[in-house]
Amino acid sequence: MEANGLGSQGFPELKNDTFLRAAWGEDTDYTPVWCMRQAGRYLPEFRETRAAQDFFSTCRSPEACCELTLQPLRRFPLDAAIIFSDILVVPQAITLTRQQLAGRVPLIGFAGAPWTLMTYMVEGGSSSTMAQAKRWLYQRPQASHKLLRILTDALVPYLVGQVAAGAQALQLFESHAGHLGPQLFNKFALPYIRDVAKRVKARLQESGLAPVPMIIFAKDGHFALEELAQAGYEVVGLDWTVAPEKARERVGKTVTLQGNLDPCALYASEEEIGRLVQQMLNDFGPQRYIANLGHGLYPDMDPEHVGAFVDAVHRYSRLLRQN
């Protein structure tokens with residue numbers, strides 16, 4: 001490292017690499033923790049910043065994205081920051097945010113997986129059944145594959161671009177995995193999930209960029225855990241419907257697991273949150289594990305309870321290692 005504390009890319013030197021070490025499967029002194037949707041409406045300062053402009057204007061402002069990404073880090077000793085954006089938006093905010101983080105924790109970039117992006121394109125919004133998007137899979141399989149290939153071709157340079165701009169890990173969100181059964185998932189989602197990982201890694205190498213750990217989070221995709229564990233990602237994210245010890249049995253010891261406290265558990269008392277975290281940590285075991293929620297934080301959650309969750313993970317995971 002250079003004497004000025006800047007790393008090779010001119011970014012501040014990383015002070016806390018616990019999250020990255022866990023993602024790569026290395027031993028850590030405690031269990032790292034971050035929360036999906038940690039930059040969110042549950043924080044009064046977030047609501048204040050966001051009130052000034054509409055959502056897409058916010059996403060297009062690197063300064064606004066940077067501010068919203070950093071807000072939860074000022075309140076909680078989280079082990080990673082995730083860039084504030086949306087899976088339907090291309091952010092320009094990463095380099096600024098990485099500088100402003102000043103090496104406190106790693107910065108996670110992310111994108112929506114091809115099938116999830118396709119659902120929004122076909123449905124024109126969210127849907128409880130995704131029947132229009134699934135209709136395509138059954139009635140127009142060739143056109144579906146063509147669209148999924150186009151999306152994959154766009155995602156690869158986009159994710160590589162995030163790393164070039166300063167992202168130190170990448171998470172792919174297959175938020176609508178649960179609308180597919182095993183057959184459709186294996187045909188229309190999994191091949192593209194695999195392809196993204198393979199091509200991003202190859203492109204990083206070609207570009208002379210250091211490899212970054214990649215996380216796949218397929219919500220309600222518990223039927224494909226084994227396949228996801230072999231899809232080329234270092235970390236498999238779990239939602240709250242999966243039993244940790246069963247997941248570990250199914251995926252083996254080759255990947256890190258991330259998850260998976262029910263977000264609604266944060267409505268419980270702080271004591272109960274502590275108990276639930278302790279149970280979760282016992283079930284996952286001390287290594288190859290990143291603590292998180294099984295989905296994003298909800299807007300009406302009490303920030304104090306988010307703090308209790310983060311503190312409980314750090315406290316109990318240190319105790320676990322002593323015993």
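## Helix α6 and its surroundings

The buried residues of α6 pack against β2 (107–112), α7 (131–139), α8 (141–165), β3 (169–174) and α9 (182–206), where contact means heavy atoms within 4.5 Å. Helix α6 spans residues 114–123, and its buried residues are Pro-114, Trp-115, Thr-116, Leu-117, Met-118 and Thr-119. Buried denotes under 20% relative accessible area, exposed over 50%, and partly exposed in between, with a 1.4 Å probe and protein chains only. Gly-124 follows α6 and has a positive phi, near 75 degrees. Helices (H or I, at least four residues) and strands (E, at least two) are DSSP runs, numbered from the N terminus.

## Basis of the model

This is a predicted model, in which local features need pLDDT of at least 70 and side-chain atom pairs count only at pLDDT 80 or more, while totals for chains, interfaces and linings use all residues. Residues are numbered from 1 along each chain as its sequence is written, and side-chain values use heavy atoms, with hydrogens and water left out.

## The parallel sheet

An open sheet of 7 strands is arranged in the order β1-β2-β3-β4-β5-β6-β7, with parallel pairing. Strands β1 (81–82) and β7 are at the edges with a single partner strand each, so one side of each lacks a neighbour in the sheet. Two strands are taken to pair if DSSP finds at least two bridges between them.

Strand β4 (residues 214–218) runs parallel to β5 and is joined to it by 3 bridges; Ile-216 stands opposite Val-236 in β5. Strand β5 (residues 235–237) in turn pairs with β6 in the parallel sense, over 3 bridges. Here Val-236 has Leu-257 of β6 as its bridge partner. From β5 the chain passes through helix α11 (residues 244–251) to β6 in a right-handed β-α-β crossover. A crossover is right-handed if, with the strands pointing away from the viewer, the path from the first strand over the helix to the second runs clockwise.

## Strand β6

Strand β6 (residues 256–261) is mostly covered, with 6 of its 6 residues buried. It is joined by 5 bridges to strand β7 (residues 289–293), and the two run parallel. Gln-258 has Ile-290 of β7 as its bridge partner. The chain reaches β7 from β6 through helix α12 (residues 270–284), and this β-α-β crossover is also right-handed. A cis peptide bond joins Gly-259 and Asn-260, with omega about -15 degrees; Asn-260 lies in strand β6.

The model contains 1 cavity of 30 Å³ or more, and the largest cavity holds about 50 Å³ of space. On a 1 Å grid over the protein atoms alone, a cavity is a set of points where a 1.4 Å probe fits but cannot get out, and lining residues have an atom within 4 Å of a point. Grid points are joined across faces, edges and corners, and a volume is the space filled by probe spheres set on the points.

The lining of the largest cavity includes His-222, Leu-225, Val-236 and Asp-239. Helix α10 (225–229) and strand β5 each supply at least two residues of this lining.

## Positive phi in loops

Arg-37 has a positive phi, near 60 degrees, in a residue other than glycine. Arg-37 is in the loop between α1 (18–23) and α2 (44–51) and is partly exposed, with a relative accessible area of 43%. Ala-102 likewise has a positive phi, near 55 degrees; this residue is in the loop between α5 (94–101) and β2.

How values were computed: On a 1 Å grid over the protein atoms alone, a cavity is a set of points where a 1.4 Å probe fits but cannot get out, and a pocket is an open set with protein on both sides within 12 Å along at least five of seven lines; lining residues have an atom within 4 Å of a point.
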